[in-house]
Amino acid sequence: MSEKKKKPQKLKARLARGFPDRSPGDIRATEEMMAKIKRVYERFGFEPIETPFVEYTDALGKFLPDQDRPNEGVFSFQDDDEQWLSLRYDLTAPLARHIAENFNDIQLPYRTYRAGWVFRNEKPGPGRFRQFMQFDADIAGAPGVTADAEMCMMMADTMEALGIPRGDYVIRVNNRKVLDGVMEAIGLAGDENAGRRLTVLRAIDKLDKFGIKGVKLLLGEGRWDGGKEGEGDFTPGAGLEDAAITRVVGFLEDNAATSVAETLASIEERFADSKSAVEGIAELRSISAMAETSGYGPDRVKIDPSVVRGLEYYTGPVFEAELLFDVTNEKGQTVQFGSVGGGGRYDGLVSRFMGQPVPATGFSIGVSRLMTALKNLGKLDTEATSGPVLVTIMDRDRIGDYAQIAQKLRGALNPLGPDGQPMGPTIPVELFQGNPKDFAKQLRYADRRGSPVAVIQGGNEKEAGQLIVKDLIEGKKIAETITDNAEWREAKAGEELVNEADVVTAVRAVLARHGLLGTGA
């Protein structure tokens, strides 16, 4: 007997881990949020540019997560010339390449903003994706910390433009020169200590989460998540000596001083032997003074020596936009929402391509994380907008007539201004494209699409030069109160018979009744 031939297996539809799909509501909400951010950036004189998703791997440089393995931390491949290419890890390194390549054609200081997808080849998890969007603003060619101060003030304005009130956010500012001075003081200067420096900085960065006690453990032998040996996961520490731990903890405790002036004076005294730390303190004083004078006092832009930015290319001031309201995390714990963006000065990044120094500073917003924050605050509507006005099909042979009605409605409900731009929100009009044989299916389709109104024209209506405008929202309300078929037929469930010439007026009336009519329509 011959073996029974196996049916070929169907291809399984599956989403790659860490690469999210996005719904229409999320896309619209993102566009709305980014339009508000863009308006703030442009008020400060920034202009848009766009860089490609792919860069030569060496252009991303030694600041990759793992510089010895070009496909670790980033997604990389080789082209036909055996050159390594990588999907961009952030938007800053590609900007540095762009500035260097076009240096003779750009006007310094160069103010630019960019939005786009970035990619991380790392393990995905809850709220952690391999593909996510960033929205950056940068100034290149401005060596003074007034540019850094302006970045911080612009981010404060951005938070408020998005509806986040004062008291629910703060822009926290530190300086890598101060942190470098701390590293020097505990014997971790030099390239050979880069790994341990990073571990210490990560420990400092956990101050808000674990407190001084938890940071001390991470600076020493390490920390168990459960609080006791053997409980939960273990995070190895930096292995510092007690004296070094004491100096770091003292530095963090300086931040508890009652004023910015006292905090900076205490740190300056503690690390007076470090030229780097003293320079960093002076820069922080300048940023604080400019913010204060401009009306961005410590409730909005706050000097905070515990701020750490993870990337190694920062050379001066670093800053973070932090949201202060409480949320419940995946473990059911009440925690502050935390950071939604950050940045800093990176004076060496462009210079890698140049024979001259090119100072630069910038800020990056995590778009998805900021969207989550705005949803928590009720400042962002991710529900899909109202569905389309549906032109139904009663007679296949008159499809041209129905298309003409749909086109008439599209033009009338979505007028353009003198500049050719829409005068109000888009009101979609859809010509039914399914099987028109069963009219009830067309209305069920309209219901699933959330259509507020349907336009219906059978042979009798056409002969009389009329059509039916059916208010589907009102019809649903009427249907919920009717139990008798005769009563249903009598009510006509929100239907209105109008002349063909009056279809636009009738549809507008239904949309206005339910608050769906754009200002321009």
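Is Leu91 buried or exposed, and what is its relative accessible area? Leu91 is buried, with a relative accessible area of 2%, where buried means under 20%, exposed over 50% and partly exposed in between, for a 1.4 Å probe and protein chains only. The views below come from a predicted model, in which local features need pLDDT of at least 70 and side-chain atom pairs count only at pLDDT 80 or more, while totals for chains, interfaces and linings use all residues. Residues are numbered from 1 along each chain as its sequence is written, and side-chain values use heavy atoms, with hydrogens and water left out.

**View 1. Strand β4 and its two antiparallel partners, β2 and β3.** Strands, like helices, are DSSP runs numbered from the N terminus (E, at least two residues, for strands; H or I, at least four, for helices), and two strands pair if DSSP finds at least two bridges between them. Strand β2 (residues 54-56) is joined to β4 (residues 84-87) by three bridges, with Val54 standing opposite Leu87. Three bridges also join β3 (residues 76-78) to β4, and here Ser76 stands opposite Ser86. Five residues lie between the strands of the β3 and β4 hairpin, in which Glu82 takes a positive phi near 60°.

**View 2. Leu91 in the loop between β4 and α3 (92-101).** An unreviewed UniProt entry places the feature "binding site" at positions including Asp90, Leu91, Thr92 and Asp138; UniProt positions are given in the numbering used here, with feature names shortened, and annotations may be inferred rather than shown by experiment. Leaving aside neighbours within four places in sequence, Leu91 is in contact (heavy atoms within 4.5 Å) with Arg114, Ala115, Gly116, Val118, Gln134 and Asp136.

**View 3. Asp138 in strand β6 (residues 131-140).** Asp138 is buried, with a relative accessible area of 2%. Not counting residues up to four places away in sequence, Asp138 touches, among others, Phe46, Thr92, Tyr110, Arg114, Tyr346 and Phe363. The side chains of Asp138 and Arg114 make a polar contact at 2.6 Å, that is, a pair of N or O atoms within 3.5 Å, of which, within protein, one must be able to donate a hydrogen and the other to accept it, residues adjacent in sequence counting only if both atoms are side-chain atoms.

**View 4. Helices α1 and α11, roughly perpendicular to each other.** The axes of α1 (residues 24-43) and α11 (residues 367-376) come within 11 Å and cross at roughly 100°. Axes are lines fitted to C-alpha atoms, for helices over the stretch in contact, with angles from 0 to 180 degrees between N-to-C directions; those under 35 degrees count as roughly parallel, over 145 as roughly antiparallel, 65 to 115 as roughly perpendicular and the rest as oblique. Residues including Met33 and Ile37 in α1 meet residues including Leu370 and Leu374 in α11.
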